[in-house]
Amino acid sequence: MRVDGPTAIATWTLGPIQTTRGEVATQIRTDTLLHSSLWVNIALAGLSILLFLYMARNVRANRARLIVGATLMIPLVSLSSYLGLVSGLTAGPIEMPAGHALAGEDVLSQWGRYLTWTLSTPMILLALGWLAEVDSADLFVVIAADIGMCVTGLAAALTTSSYAFRWAFYLVSTAFFVVVLYALLAKWPRNAEAAGTGDIFGTLRALTVVLWLGYPIVWALGVEGVALVDSVGLTSWGYSLLDIGAKYLFAALLLRWVVNNERTIASATDPAAVGVGDPADD
């Protein structure tokens, strides 16, 4: 039966796309290392969402609720992302360019991870910024640099025309990262001390900086970089382990502190903060 017009175009284009995604999903499913690295995060993200909702059920102060909202978005974004990866929707093969250790070979790119980081890492910085009472202009600049870091990282991962261009995008991404590190290490700690949240900010800053430094290292050593680790599954586990600490552990530590110190982080001008923790409200 012949079909003309837009329907015919849709039928012709969607078929191959669906087949390709099915093949990618099968490739992921048959790679035990890769498959397990994704499902572990799906399970942890789901459990984290339930746990965090329970932990924050009684938070009422406006500033505390903002931090809780940003923190809850971290596992929500991760859950969506890892479902996209394990289904093959946000992953696909790319041919590595000349000069790469795997030149000419098709390597599975988990480009969906970069979409996750583009959405989840700003939430981490937003929560830290609100915790430290950072100026909104500074917060905007740092989050913009963070998004630039993730987008240029995606460009580095997907560039197949030139090995040199992959590393050029990597260096640009690193430059954006330096902006983020400068804020976390040099500027925001002073804000946190003034806000009375210096101790917890210091703990979360150390966790964030150490783990975030791991991502470009995994990229450089894994299949996307020099391929000293030439296994997609092992590279994926590297990213997944970093995600577990940088997202779920970070969020759990932050939420526990917010719940136990709601009065501390509540602004003096926050009307919802009045009476927080008073016996009359119990």
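Colleague: In which helix does Ser136 lie?

Modeller: The structure is a predicted model. In this model, the helix that holds Ser136 covers residues 136-158. Its name is α5.

Colleague: Does Ser136 count as buried or exposed?

Modeller: Residues over 50% relative accessible area count as exposed. Ser136 has a relative accessibility of 59%, so Ser136 counts as exposed.

Colleague: What distance separates the C-alpha atoms of Ser136 and Leu126?

Modeller: Ser136 and Leu126 are ten residues apart along the chain. The separation between their C-alpha atoms is 9.9 Å.

Colleague: Where does Glu133 lie, and what is its phi?

Modeller: Glu133 belongs to the loop between α4 (112-132) and α5. Glu133 is partly exposed, because its relative accessible area is 42%. Glu133 is a residue other than glycine, yet its phi is positive. That phi is near 55 degrees.

Colleague: Ala227 also has a positive phi; is Ala227 buried or exposed?

Modeller: Ala227 is found in the loop between α7 and α8, with phi near 60 degrees. A residue under 20% relative accessible area counts as buried. Ala227 has 11% relative accessibility, and therefore Ala227 is buried.

Colleague: Which residues make the nonpolar surface patch of about 590 Å²?

Modeller: One of its members, Val226, lies in the loop between α7 (198-221) and α8 (232-260). Val226 counts as partly exposed because its relative accessibility is 35%. The complete patch is made by Leu33, Ile217, Leu221, Val226, Leu228, Val229 and Leu234.

Colleague: Which residues gather in the patch of negative charge on the surface?

Modeller: Glu105, which is one of them, lies in the loop between β1 (92-95) and β2 (106-109). With a relative accessible area of 42%, Glu105 is partly exposed. The residues of this negative patch are Glu95, Glu105, Asp106 and Asp230.

Colleague: What pattern does the chain follow along the sequence?

Modeller: The chain has nine helices and two strands. Read along the sequence, these elements follow the pattern α-α-α-β-β-α-α-α-α-α-α.

Colleague: What share of the contacts with a separation of 6 or more joins residues 24 or more positions apart?

Modeller: The chain has 282 residues, of which 49% count as buried. Among contacts in the chain with a separation of 6 or more, the share from residues 24 or more positions apart is 75%.

Colleague: What part of the accessible surface of the chain belongs to carbon and sulfur atoms?

Modeller: The accessible surface of the chain comes to about 13,500 Å². The part that belongs to carbon and sulfur atoms is 67%.

How values were computed:
Residues are numbered from 1 along each chain as its sequence is written. This is a predicted model: local features need pLDDT of at least 70, side-chain atom pairs count only at pLDDT 80 or more; totals for chains, interfaces and linings use all residues. Side-chain values use heavy atoms; hydrogens and water are left out. Patches are made of residues with over 30% relative accessible area and no salt bridge: like charges are joined within 9 Å, nonpolar side chains (Val, Leu, Ile, Met, Phe, Trp, Tyr) within 5 Å. Accessible areas come from the Shrake-Rupley method with a 1.4 Å probe; for residues, only the protein chains shown count as cover. A salt bridge is a side-chain nitrogen of Lys or Arg within 4 Å of a carboxyl oxygen of Asp or Glu. Helices (H or I, at least four residues) and strands (E, at least two) are DSSP runs, numbered from the N terminus. Buried means under 20% relative accessible area, exposed over 50%, partly exposed in between (1.4 Å probe, protein chains only). Contact means heavy atoms within 4.5 Å. Lys and Arg count as positive and Asp and Glu as negative; His and the chain ends are not counted. The place of a charge is taken as NZ of Lys, CZ of Arg, CG of Asp or CD of Glu.
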